[in-house]
Structure formats: structure tokens, C-alpha cells
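Dear colleague,

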Amino acid sequence: MSDDHLVIAGMGAGYGDVSVLHDISFAVPRGKIVAVVGVNGAGKTTLLSAVAGLIVPTRGTVTLDGADITRTAAHRRTGLGLAMVPEGGRLFPFMSVRENLELGAYAPASRSGLVERMSEVMDMFPILRDRQDQLAGRLSGGERQMCAVARALMSRPQLLLLDEPSVGLSPLMTEKVLATVTDLAAREGLSVIIVEQRVTEVLAMADIGHILDHGRIVRSGLAADLRKDRQVQETYMGL
Amino acid sequence: MTELVNILAVGLLLGGIYALVSVGLNLIFGVIRIVNFAQGEFVMLGMYGAFAAQITLRLDPYVATVLVGPALFALGAFVYWVILRPLQGQPMMQVFATFGLLMILENTVLALTGGTAYSVNSGLTGYSVSFGPIQIGLPRVLVLTAATVVTLALGWYLKSTMHGKAIRAVAQDRNAARLMGVDVERIYMVSFGIGAALAGLAGCLLSPLYTMSPQIGMNFIMPAFAVVVLGGLGSVKGAYFGGLIVGLTEALAGFYLDPALKQAVLFLMFIIVLVVRPSGLFGTAGAEEVGLREQS
């Protein structure tokens, strides 16, 4: 088996007649964290939506573990080991934290070990144990993001997609969330694609980085190298 | 005093009928965000289904529920999949489609029956139950009982089963639900089917009480809209209590004001609730906006 967990090849995507992504190609090596950074409107969320199956690419392919999933419905991708934390968490606000977590294990393959997994996930995020009966809509921003990550982990994914986990969070809380994700990726052997506007912080946690600009990847490389790149520093890190 | 108790009893029993019709309508609206104008016609089909079961299989209408309920579920699921699913993302077109369905069902039954008024007999029709000074026909008590049982059972299902939670999740954020592995299209189809089945159940239980006609659905759908708004869009509990409130309002207004004014009073209340508390008396403030935002 190839060491690439996910391969995106020549992908284009958009909404209706509006084309947002053009000829996107990159791979996610197994167990690595890949950061896709760019300014607001660069196409980061569209990229993750296409990988998650919420929109269908207009061209190109998405391959997961060697299988073409370009046209696989979003709800079937959960069963293939893919989970996404959407921007803002998108928790079900009128359901309790526990119910949100239960729904994370909705896929048939995940249901058998639901109780054990719930316990494991609550051990990872102890605050959720205290808040489990509270409505998700009443959580604070940081708690909401933690709950969204925990919910995605309920299906025991192998590939985690994170859409701007720092949105609405303080720098301190962002640091905490990113540290948690890094720790989880190492502990659970997860492959991760994280898209972010906070370039400095996310390149510090990632193995590989891609810079997205107007729907095209304009720079790629090891995250450590990109952090040192003068042009990247000036354009995206404000240094 | 006995007079007031009598009026309240009549109102509650009428409310039970409205509640039974409205629970399915509210489930469909809450999950799929479609105002189903054909819901009254599903009630009408339930009544004719009970009639058909009686003349062909000699079944009592209460027994016929076990056939008519599943048949209406299948019809509802078919209607969703063939008519409404292709119009997804166009909520106004879906509403117009349900109006078209209303006309098709009504006219088809009119053509089949030639407009003849039919009625259904039940072995329970002659029985009544005494509550202190008042006596109530058993079929009416059964309708109120069924509305209560259906509300409790549906509430339990939505709250306590994984499939029920998935239905609530879809109502709140369908894309997030997709990411959890929920087949949203299937949830829509099943929800529409359940809504139609509940209307069919209502039709069976109401068939011993009414002389049926192809247009009878209209008698239920207008108050049901008032019930849904009053109780809270998408709230099963709201549909139940909203039904009882509408029934009581009609009974009290009809007796103390003027029978001709009872619907006017009802819809005055409907407009006041829409303006003052759009989430309804039992709806969660903001819940309707979450769902509507999802549709856009």
C-alpha cells in the first residue's frame, strides 16, 4: 500500500457557475499533519468541503487509501475513516453534548463500540464530561471547538479534516486547541489536513504546508521550510 | 358550571383531533422545512382507506389502522422521493408541489367516488364514557387518547433512539449531519413517510365520526396550520398542546361569542402569535431560524 493516505489530483471545484479551486494537487502521507494556509476567500473551506464530499469536484480526483472517492456521498465517507470538523464546529445547538458525541458515532461501523469510545473521548477532553448534559449551543467558544473535535473522533477516523479551528477563539485558546490536535494526531496515528488563516501557529504544528491563493496552490514544502521562507513570512505571517 | 365543563370537554376532544393531524405536519415542517399543503388529503386518504378496508375485508376502522398507517407511510415516502426530492433547494417550488398534490389527490378521489358521501361504522360507536356529569362518545375519547400516545411515542423516539437523534440533527444542520454519516435524503423520506402515516392514522380514527368527502381534508388542514404556528414550528409537543388550545379556543369562541366567529378568533390568535412569538408557545426560540438558515 502506498504511504499516501489521501491523494488529490488536478481537482477543480466551486459553487454553481462560480469556480473556486483550480487544478489542486497534493498528497497527505499517512500519519502526517498537512496545513493548507491562505487568506480569507482563498478557497480553503471549499477544498475541505470537496474532500469531505459536501460538494462534488468539477474535475480531477480524490483518492483515499487507493480508492477513488471523488463522487462518494459525504455520509458514506465517515465509514471510510474520514471525519471533518467544520468551521465554527457546527454542533447541533439544541442537543446535549452527549447527544452530539453519540451522533459522531452514527456510522454503523462505529456504533458497536460507542460506550467505550465515549469514555475514551471524555478522557481526552475532561471538560466535556462535566458538560455532557448541557445543550451544545450553550458552550463557550473553546468548549464548542473541543466538542466538535471530540465528536469527529467518535467514529475513530484515520483522516481528520479541520476547517479553521481558531475562528472565534482567543490566541491562548487557539494554541490549546492546536496543541490538542497535534497530541491526538501523534497518539491516534491520525493523518490531518488543517486549513487556517493563522499561518504562524499552524505551520509550527504541521509536517507539510501548502499555500493557497485565489484557488491555486502557489507554494508547497515542509512546514518548517515554509516558516523560514522570507516571502511567506512577509506575505502571510506579517513579519 | 356543567355547561362550562361540557364546553371544555368538547374543546379538548376537538383539540385531540387537531393535535393528531398536526403532529405529522409539524414533523415534516421541522425536519424537511416543507409546508405540506397535502397533509389534509393524507387524512382524507386515511378515511377512505378505512372505508375500503371495511367494505372489502370487513375490518373495523380501528383495526384498519394497521393496514392504512403503513400504506400511507409508503405513499408519503414515494411522494417525497419522486416529487419533492428533485425540487430540493427550491423550498417555494416544493410548497407549490404539495399544493398540486392536494388537487391531484382530491380530484382523483372525487372521480373514483363520484362525490358520493360515505360513512364508516365501528363496533365502538354506540359506547360512551362518563366523566362526572358529562358523557362522551368512546370514538372521540379514543382520538384524544391516540393523539396523546402518538405524541409521547414520537417524542420518545426522537429523544431516545439513534435514528430519532439523526432526525433532530438533520433538522438543526443537515450538512453537519452528513458529516456524521447520516443519509439526509433517507431521513427526509422517512420523516415525510411518518408524517403521512400519522395523517393516515388520524383519518382511520376520525372515519367513524365524520361523513367523508374528497374535500374533507381542508377542514383539518387550516386549523392544523394554526396549531403548528401556535405550538411552535417543528415541535411535536407544541403540536399536541397547540391542538388542544385551538380546540378549546374554537369551542369557547363558538359558544360565548358566535359560532360564525370561531375561526376568526382562532386566526386572530394565529397572527398575534406569529408577530409576538414566531417560535410559538412551545418552540425553542431560534430553532426555526437554525433550520431555515440550513435551507438557504
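Predicted model: local features only at pLDDT ≥ 70, side-chain atom pairs only at ≥ 80, totals over all residues.

In chain A, four strands make up an open sheet in the order 2-1-4-5, and their pairing is antiparallel. Its edges are strand 2 (18–29) and strand 5 (67–68) of chain A, each of which pairs on one side only. Within this sheet, strand 1 (residues 4–15) of chain A is joined by five bridges to strand 4 (residues 59–64) of chain A, and A:Ile8 stands opposite A:Val62 of strand 4. Helix 1 (residues 44–52) of chain A lies across strand 1 and strand 2 of chain A, and runs at about 115 degrees to strand 1 of chain A.

Further along chain A, strand 9 (residues 208–213) and strand 10 (residues 216–222) run antiparallel and are joined by six bridges, with A:Leu212 standing opposite A:Ile217 in strand 10 of chain A. These two strands form a hairpin with two residues between them, where A:His214 takes a positive phi near 50 degrees.

In chain B, helix 3 (residues 61–84) bends by about 35 degrees at B:Leu67, and a proline, B:Pro70, follows within four residues. The buried residues of helix 3 of chain B include B:Tyr62, B:Val68, B:Leu72 and B:Tyr80. As a group, the buried residues of helix 3 of chain B pack against helix 1 (2–32), helix 2 (39–57), helix 4 (91–113), helix 5 (138–160) and helix 8 (184–206) of chain B.

Conventions
Residues numbered from 1 in each chain as written. Chains lettered and ligands numbered in written order. Heavy atoms only, no water. Bend = angle between axes of the 7 residues up to and from the residue. Buried < 20%, exposed > 50% of the residue type's maximum accessible area, 1.4 Å probe, protein only. Contact = heavy atoms within 4.5 Å. Pairing = 2+ DSSP bridges. Axes fitted to C-alpha atoms, helices over the stretch in contact; angles between N-to-C directions.
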